[in-house]
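Please read the following note with the sequence and the model open beside you. It is written as numbered points, each to be checked against the structure.

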Amino acid sequence: MIRSALGWGRSSPGWVTLDTGEQLELAEPSERLSAKIIDLLILVSVVVGGVVVVLLTLVAERFGVGIGLVEGVFLAALLIALASLLYDPLLIAVRGQTVGKKAAGIRVVRADNGELPTLGRSFARWALPGVLLAIPGAGYFLAALCFSSLTRDAARRGWHDKIAGTVVVKT
């Protein structure tokens, strides 16, 4: 179990001590927000790419070539779903960081031993905010609570970090 620096390890609250005894510097909430914004911009570009696919299918259909609108919408939806499903969990499991996290100089590690999270842990970490977002009416509020919960935790772990057994640290 991870121990915050409140009484354990270094005296600064910006450090955690893993079960292995290793001490790591925690990522700042502002660094995590910057990384999230970069990652969202990347995913928005994928959505825009999906819209372009749909528009191209409309143009191609008008000239009697290519695939139809239904197929184009399906292809765009598939592209967007795969990108959002694979981007965060896969990069976290393989490299410990998304493009945004790399740019912010932070990475995700297991809270017990500091190693890369497994694909299962990475997927759980990604899925919790997504499931919360899917709740009609309160979804955006609950997802915001999930992400902001890291500001009220001594080890700066949000609900999604806790469910996956991860912590975000500086590289």
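1. Basis of the note. This is a predicted model, in which local features need pLDDT of at least 70 and side-chain atom pairs count only at pLDDT 80 or more, while totals for chains, interfaces and linings use all residues. Residues are numbered from 1 along each chain as its sequence is written, and side-chain values use heavy atoms, with hydrogens and water left out.

2. Overall make-up. The protein has six helices and five strands; helices (H or I, at least four residues) and strands (E, at least two) are DSSP runs, numbered from the N terminus. Their order from the N terminus is β-β-β-α-α-α-β-α-α-α-β. Along the principal axes, the C-alpha atoms fill a box of roughly 70 × 35 × 25 Å.

3. Of the 171 residues, 36% are buried. Here buried means under 20% relative accessible area, exposed means over 50%, and partly exposed lies in between (1.4 Å probe, protein chains only). Among contacts with a separation of 6 or more, 55% join residues 24 or more positions apart; a contact means heavy atoms within 4.5 Å.

4. Helix H1. This helix has 34 residues and reaches 49 Å from its first C-alpha to its last, close to the 50 Å expected at 1.5 Å a residue. The expected span is 1.5 Å times one less than the number of residues. Buried residues in H1 include Glu31, Arg32, Asp39 and Gly50. Among the elements that cover the buried residues of H1 are H2, helix H4 (119-133) and strand S5 (166-170). After H1 comes Gly64, whose phi is positive, near 80°.

5. H1 against H2. How do the axes of H1 and H2 cross? The axes of H1 (residues 29-62) and H2 (residues 69-95) come within 8 Å and cross at roughly 165°. That makes H1 roughly antiparallel to H2. Axes are lines fitted to C-alpha atoms, for helices over the stretch in contact, with angles running from 0 to 180 degrees between N-to-C directions; under 35 degrees counts as roughly parallel, over 145 as roughly antiparallel, 65 to 115 as roughly perpendicular and the rest as oblique. The contact includes Val46, Gly50 and Val53 of H1 and Gly72, Ala76 and Leu79 of H2. By class, this contact has 15 nonpolar, five polar and two charged residues. Ala, Val, Leu, Ile, Met, Phe, Trp, Tyr, Cys and Pro count as nonpolar, Asp, Glu, Lys and Arg as charged, and the others, Gly among them, as polar.

6. H4 against H5. The axes of H4 and H5 come within 7 Å and cross at roughly 155°, and the two helices are therefore roughly antiparallel to each other. Leu128, Pro129, Leu132 and Leu133 in H4 meet Gly139, Tyr140, Leu142, Ala143, Cys146 and Phe147 in H5. This contact has nine nonpolar, one polar and no charged residues.

7. Ser122. Leaving aside neighbours within four places in sequence, Ser122 is in contact with Pro89, Ile92, Ala93 and Pro117.

8. Leu145. This residue is found in H5 (residues 139-148). Leu145 is partly exposed, with a relative accessible area of 25%. Not counting residues up to four places away in sequence, Leu145 touches Arg152 and Trp159. Leu145 and Trp159 are 14 residues apart in sequence and 8.7 Å apart in space, C-alpha to C-alpha.
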